[in-house]
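Subject: Handover of a structure

Dear colleague,

Please find the structure below.

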Amino acid sequence: MKAVVVPRPLPVTDPGCFADAELDDPAPGPRDLLVAVEAVSVNPLDCKQRLVASRVAGRARVLGYDAAGTVRAVGAAVTLFAPGDRVYYAGDVRRDGCNSQLHLVDERIAGRMPASLDFAAAAALPLTAITAWESLFDRLRVAAPPRAQPRKSLLVVGGAGGVGSIAIQLGAKVAGLDVIATASRPASAAWCRELGAAAVVDHAGDLVAAVRGLGRRQVDHVLITNDAARHFGACAQLLAPQGGICSIIRADAPVDVSALMGKSCSVSWEFMFTRPANDTADMVEQHHLLNEVARLVDQGIVRATATDVRAPISAATLRAAHAQVEAGRSIGKIVLSGWA
Ligand SMILES: NC(=O)c1ccc[n+]([C@@H]2O[C@H](COP(=O)([O-])OP(=O)(O)OC[C@H]3O[C@@H](n4cnc5c(N)ncnc54)[C@H](OP(=O)(O)O)[C@@H]3O)[C@@H](O)[C@H]2O)c1
């Protein structure tokens, strides 16, 4: 099969940071789906992994943690899917990624692809949907419908990015929250509003003053997707008593978590590979949530977030996509589709 590999860790400016390769077809384990990959999406995680990628089992590493494709074959213990099914999934960071024509994924972390989307649009969704869903509903314990009364609020820091683009929609359209997003440019601010944010504030300025300037004294939930060390203090200040902050990134400097004690607020972390990477007993929850997101997409409640689709999937296109993601200014998601 064709695949794109990382020969050794190199900056994206180096044309050798990816290589096109021919690899042996993989064989499914008992709970695996063998998927014919049609489209993949690039996340900041891919860029971080590229810079530390080492050889595995004597060969160069394959990255890629967002795929859409068709089930070609299934392992002996598979019950959730059959050959021919269209699936979308992020996968497991311990295993080879999806930048290959054929790919293995445990059925418990794959979902049925939204019927209303093509492969490219579907590939943009899974990693960010899992992250946003788990952040809101598992970590922050936002009340899913029936909606919480009185109406609660959510601040999404980094609203136009991949994760923010889904979190705004789940918060506003599924949980009925008053969503305030942060964005620093007219285009990213407009995108946040399109997705359902009631208000947008600039994360380059004073967040506390900006949110209070909207007439909101405090917020009930905060999701931090970017620059946690810088934004944590302001978010803690804005948080309502008994509210919660969830961060999907490490703080690269110490943050004062104990400042939240007087308000009995919670601080949580979300890492979307926790379930698959630890074989947790509830890892099938990712199958269920991806199916639920597909239903929301097919009903027109959640919209697709792919903003840039390129072809084919190759070393050259992946390098260009990594360069774009590394710039840190993405609006929505970048997708690569098809094989040359
Ligand atoms: N823990 C997990 O499971 C998990 C899952 C997914 C992603 N992540 C991590 O979470 C981060 C975000 O992922 P993503 O896919 O959403 O990234 P992304 O799509 O690359 O995010 C781009 C967005 O970040 C915003 N941004 C840039 N600098 C910012 C700042 N200083 N403060 C606030 N926002 C800023 C930009 O908005 P403007 O252009 O408007 O400034 C842009 O729209 C990455 O570090 C990623 O590795 C973690």
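Ala 167 has its place in helix α4, residues 162-174; helices (H or I, at least four residues) and strands (E, at least two) are DSSP runs, numbered from the N terminus. Please note that this is a predicted model, in which local features need pLDDT of at least 70 and side-chain atom pairs count only at pLDDT 80 or more, while totals for chains, interfaces and linings use all residues. Residues are numbered from 1 along each chain as its sequence is written, and side-chain values use heavy atoms, with hydrogens and water left out.

Ala 167 is buried, with a relative accessible area of 0%. Here buried means under 20% relative accessible area, exposed over 50%, and partly exposed in between, with a 1.4 Å probe and protein chains only. Not counting residues up to four places away in sequence, Ala 167 touches Ala 132, Leu 136, Leu 154, Val 156 and Leu 223; contact means heavy atoms within 4.5 Å. Ala 181 lies 14 residues from Ala 167 along the chain, and their C-alpha atoms are separated by 9.6 Å.

Leaving aside neighbours within four places in sequence, Gly 332 is in contact with Ala 160, Gly 161, Gly 162, Ser 165, Trp 191, Thr 305 and Thr 307. From Gly 332 to Arg 95 the distance is 26 Å, C-alpha to C-alpha, and the two are 237 residues apart in sequence.

Turning to the chain as a whole, there are 10 helices and 15 strands. The domain assignment gives domain 1 (2-125 + 276-337) and domain 2 (129-269); such bounds come from an automatic or database domain assignment. The centres of domain 1 and domain 2, taken over C-alpha atoms, are 27 Å apart. At their meeting point, 18 residues of domain 1 are in contact with 20 residues of domain 2.

Of the 340 residues in the chain, 54% are buried. Among contacts between residues at least 6 apart in sequence, 70% join residues at least 24 apart. The C-alpha atoms fill a box of roughly 60 × 45 × 35 Å, taken along the principal axes.

Yours sincerely
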